[in-house]
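Reader: Please show me how to read several features of a model, taking the general idea before the particular case.

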Amino acid sequence: MMPLMQLAGITKVYGEGELQVQALKGVDLEIGIGDYVAVMGPSGSGKSTLMHILGLLDSPSSGSYRLDGEEVAGFSRRKLAHLRNRKIGFIFQNFNLLPRASLLRNVELPLLYGGVGRRERQDLAMAALAKVGLADRARHRPNELSGGQRQRGAIARALVGRPSVIMADEPTGNLDQQTGSEILELFDELRAGGQTLIMVTHDPSIAARARRTIRIVDGRILSEEKRAAA
Ligand SMILES: Nc1ncnc2c1ncn2[C@@H]1O[C@H](COP(=O)(O)OP(=O)(O)OP(=O)(O)O)[C@@H](O)[C@H]1O
Ligand SMILES: [Mg+2]
C-alpha cells in the first residue's frame, strides 16, 4: 500500500500554564492509499485531536506529518486550508450543512472554494448526490430531510471534490441503527472503489467494518488490530 499519511512523534499541547493539556504524546502512524481505519478510545483520549491534525484543521505542536510525501507540520493556516480543500473530505457528527441553502448548494460549496466553474460545479454535485442516493432531493433544504438523508448529504459534500481521504468523526453517532448501517454500507462501497477512509467510533461492531482499528489511550496509540481485506 502506498503511504498517504505518515506521522512520526506527533504531539499536541493545548493551552498554557496550569491549563495546559497534552492531548497527543507522541503518535507514530502510517495510513496507506485505499486504507480503511477506525479510531477508538475513551472520551478525552485524543481521537478528535488526531483527526483534526490528520485532516489539516490544526497543526501539531511537534513531530513530522507527511501527506502524499509532503511535510505539512510547519505549514501556515492558509496553506493548510488550501491543501485541505483539495485533499480532505470531512463528515462531522452534526452534519454541518448550511440550513438556508439547498442540498445541491451545500454539496457545491467545496468546489466553489476550489474555484470550479458554475456548470461543472452543478454537474459534479449532482453526481455526488446520485452516488449517495439523493438525486431527487437536490432542491430540498436540510431541514426538509431526514437525519440519515442529511448525513448522506454531508457525505456527498465530502466526496464531491474527489479528496484523497474521507474523514468522519462518529459518523453514525446521531443516527438510528438502520440509517447508521446504510451509511456504513455506503462507506463499504467507497472503500471498494479505492477511497481512503478514516473514522472515529465508539462502537466495536462499526469498527469491525474497517481494515484496521487503532486504539488511543491518553494521547498515545496503545494497540492496533488488523483484519483481512473484505
Ligand atoms: N481546543 C482545546 N483546548 C484545550 N483543550 C482541548 C481542546 N480540544 C481538546 N482538548 C483536550 O484535549 C484532550 C483530547 O480531546 P479530544 O477532543 O481529542 O478527545 P476525544 O478522544 O475526541 O474525546 P471524545 O470521545 O469525548 O470526543 C481532552 O483532555 C480535551 O479536554
Ligand atoms: Mg472527539
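Author: We begin with a pair of helices: the crossing of α3 and α4 is right-handed. A crossing is left-handed if the near helix is turned anticlockwise from the far one by less than a right angle, and right-handed if clockwise. Helices (H or I, at least four residues) and strands (E, at least two) are DSSP runs, numbered from the N terminus. This is a predicted model, in which local features need pLDDT of at least 70 and side-chain atom pairs count only at pLDDT 80 or more, while totals for chains, interfaces and linings use all residues. Residues are numbered from 1 along each chain as its sequence is written, and chains are lettered from A and ligands numbered from 1 in the order in which they are written.

Reader: At what angle do α3 and α4 pack?

Author: Two packed helices are described by the angle between their axes and the distance between the axes. Helix α3 (residues 103-113) packs against helix α4 (residues 118-131) at about 120°, and their axes are 9 Å apart. Axes are lines fitted to C-alpha atoms, for helices over the stretch in contact, and angles run from 0 to 180 degrees between N-to-C directions. The two helices are therefore oblique to each other (under 35 degrees is roughly parallel, over 145 roughly antiparallel, 65 to 115 roughly perpendicular, and the rest oblique).

Reader: How many residues of strand β3 are buried?

Author: A residue is buried if 20 or more other C-beta atoms lie within 10 Å of its own, exposed if 12 or fewer, and partly exposed in between, with C-beta atoms placed from the backbone. In β3 (residues 36-40), 5 of the 5 residues are buried, so the strand is largely enclosed by the rest of the structure. Y36, A38 and M40 cover one side, and V37 and V39 the other.

Reader: Which strands pair with β3?

Author: Two strands pair if DSSP finds at least two bridges between them. Strand β8 (residues 196-200) runs parallel to β3 and is joined to it by 4 bridges; there, V37 has I198 as its bridge partner. Strand β9 (residues 212-217) also pairs with β3 in the parallel sense, over 4 bridges, and R215 of β9 stands opposite M40.

Reader: Is R215 buried, exposed or partly exposed?

Author: R215 has 18 other C-beta atoms within 10 Å, so this residue is partly exposed.
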